[in-house]
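Me: I would like to learn how to read a protein model. Could you take me through it feature by feature?

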Amino acid sequence: MSSFRTVLNSSVIIHPPGFYIVGFESFPFVSVYFIFLAFVYVFSVLFNCLLIYTVAVNHSLHTPKFLAITNLAVIDLVLNTCTVPSMIKIFLIKDNFIPFNLCFVQMFVYYAFATLESYALTILAYDRLIAICFPFRQNSINTVRTMGCIISFTWCFTLVMITFTTSSMTRLSFCNSVRVFSYFCDYAPVFRLACNDYSLQWSASACLSVLSLGGPFIFILLSYVSILVTVFKMKSVDRRVKALATCVEHIIVVAIFYIPLLVIFSIGFFARVVEPEKRVLSLSLASCMPPCINPIVYSLKTKEIKIRALAMFRKTKVNSKI
């Protein structure tokens, strides 16, 4: 196998032409699973585009909350597009090879937008925190400009962080296996193939897990503790119910995103052994399903979006008859 060699700090770095994605090679019902993923991807694209369009064309929805929801929809759209089409390609044309540079592009996009997904859910928790705990100061604290700045900061911070972690992979030498046991060019499965020291990449992986999953999840938990304290101080039962009802859709999408990941990593940490096939299947579902379910949940559970979407459909139907 030909390889590209560069000299870095007096040591030879071997970069292979590419990698082979082999996460589903031994999966018994792989064809059924990939057909399912194709439907998931189509629904994800349709519903996220509908959600983005609905918010964009209705000026009454140009509020901090819906800016945050649109941010989540854009992230969901890119996150699924990063992995699902390449997985379907492997199934359709039986080609699981990915070129070296394209592998790291996919790695960068996936981890950037998976991290942004976590931060987007955190931003929505912040929105609920301000709305419920500081109702009289909400309009002055949580403005569209403030929300835009928060979203912009998370994007900049994430892109810088993922650029560093991904670029550090180019320091590794791959002189043995190039078979990646995952469903895409996954960070940890790739750096474990290296034949030189990957302690920097291991440390970066640990820091990335804390910054992209641990920190946001703790913030969300603390936000809901504060929300519950505020809600139970309310004297009216109706006010309590109405306040908690505004959090339902957010709690659902947080559960869909975090619970599968926490369960998988907890089993791996405490049981020490997780069958590779089950791990790949669970992680692929955990990353592919939220972008499909999130827009459906927000479309059905958020009154403003549901009303505007139905109004648009009625208008389209009337125009088509004319």
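Reply: What follows goes through the sheet, the helix packing and a few single residues.

Me: What kind of model is this, and how are its residues numbered?

Reply: It is a predicted model, in which local features need pLDDT of at least 70, side-chain atom pairs count only at pLDDT 80 or more, and totals for chains, interfaces and linings use all residues. Residues are numbered from 1 along each chain as its sequence is written, and side-chain values use heavy atoms, with hydrogens and water left out.

Me: What order do the strands of the open sheet have?

Reply: Start with the terms: helices (H or I, at least four residues) and strands (E, at least two) are DSSP runs, numbered from the N terminus. Two strands pair if DSSP finds at least two bridges between them. Here, three strands form an open sheet in the order S4-S3-S5, and the pairing is mixed. Strand S4 (97-99) and strand S5 (179-180) are the edge strands, each pairing on one side only.

Me: In which sense does S3 pair with S5, parallel or antiparallel?

Reply: Strand S3 (residues 18-21) pairs with S5 in the parallel sense, over two bridges. Ile-21 has Val-180 in S5 as its bridge partner, and Tyr-20 stands opposite Arg-179 in S5. On the S4 side, S3 pairs in the antiparallel sense over three bridges. There, Gly-18 has Pro-99 in S4 as its bridge partner.

Me: Which helix lies across S3 and S4?

Reply: Helix H3 (residues 100-133) does, running at about 90 degrees to S4. For such angles, axes are lines fitted to C-alpha atoms, for helices over the stretch in contact, and the angles run from 0 to 180 degrees between N-to-C directions.

Me: At what angle do H2 and H5 pack?

Reply: Angles under 35 degrees count as roughly parallel, over 145 as roughly antiparallel, 65 to 115 as roughly perpendicular and the rest as oblique. Helix H2 (residues 64-93) packs against helix H5 (residues 144-167) at an angle of about 25 degrees, and their axes are 8 Å apart. That makes H2 roughly parallel to H5. As for handedness, a crossing is left-handed if the near helix is turned anticlockwise from the far one by less than a right angle, and right-handed if clockwise. H2 passes H5 in a right-handed crossing.

Me: Which residues of H2 and H5 meet?

Reply: Contact means heavy atoms within 4.5 Å. From H2, Pro-64, Leu-67, Ala-68, Asn-71 and Ile-75 meet Val-144, Met-147, Gly-148, Ile-151 and Trp-155 in H5. The residues of this contact divide into eight nonpolar, two polar and no charged. In this sorting, Ala, Val, Leu, Ile, Met, Phe, Trp, Tyr, Cys and Pro count as nonpolar, Asp, Glu, Lys and Arg as charged, and the others, Gly among them, as polar.

Me: Are H3 and H5 roughly parallel or roughly antiparallel?

Reply: H3 and H5 pack at an angle of about 150 degrees, with 9 Å between their axes, and are therefore roughly antiparallel. H3 passes H5 in a right-handed crossing. Their contact holds 18 nonpolar residues, six polar and one charged.

Me: How do the axes of H3 and H7 cross?

Reply: The axes of H3 and H7 come within 9 Å and cross at roughly 15 degrees. That makes H3 roughly parallel to H7. H3 passes H7 in a left-handed crossing, and the residues of the contact are 17 nonpolar, seven polar and one charged.

Me: Is Met-234 buried or exposed?

Reply: Buried means under 20% relative accessible area, exposed over 50%, and partly exposed in between (1.4 Å probe, protein chains only). Met-234 has a relative accessible area of 11%, so Met-234 is buried. Met-234 lies in the loop between helix H7 (199-233) and helix H8 (237-245). Not counting residues up to four places away in sequence, Met-234 touches Ile-132, Arg-239, Arg-240 and Ala-243.

Me: Why does Lys-94 count as exposed?

Reply: Lys-94 counts as exposed because its relative accessibility is 66%. Lys-94 is found in the loop between H2 and S4, and has a positive phi of about 55 degrees although it is not a glycine.

Me: Where does Tyr-53 lie?

Reply: Tyr-53 lies in helix H1 (residues 30-57) and is partly exposed, at a relative accessible area of 47%. Tyr-53 is 17 residues from Thr-70 in sequence and 9.1 Å from Thr-70 in space, C-alpha to C-alpha.
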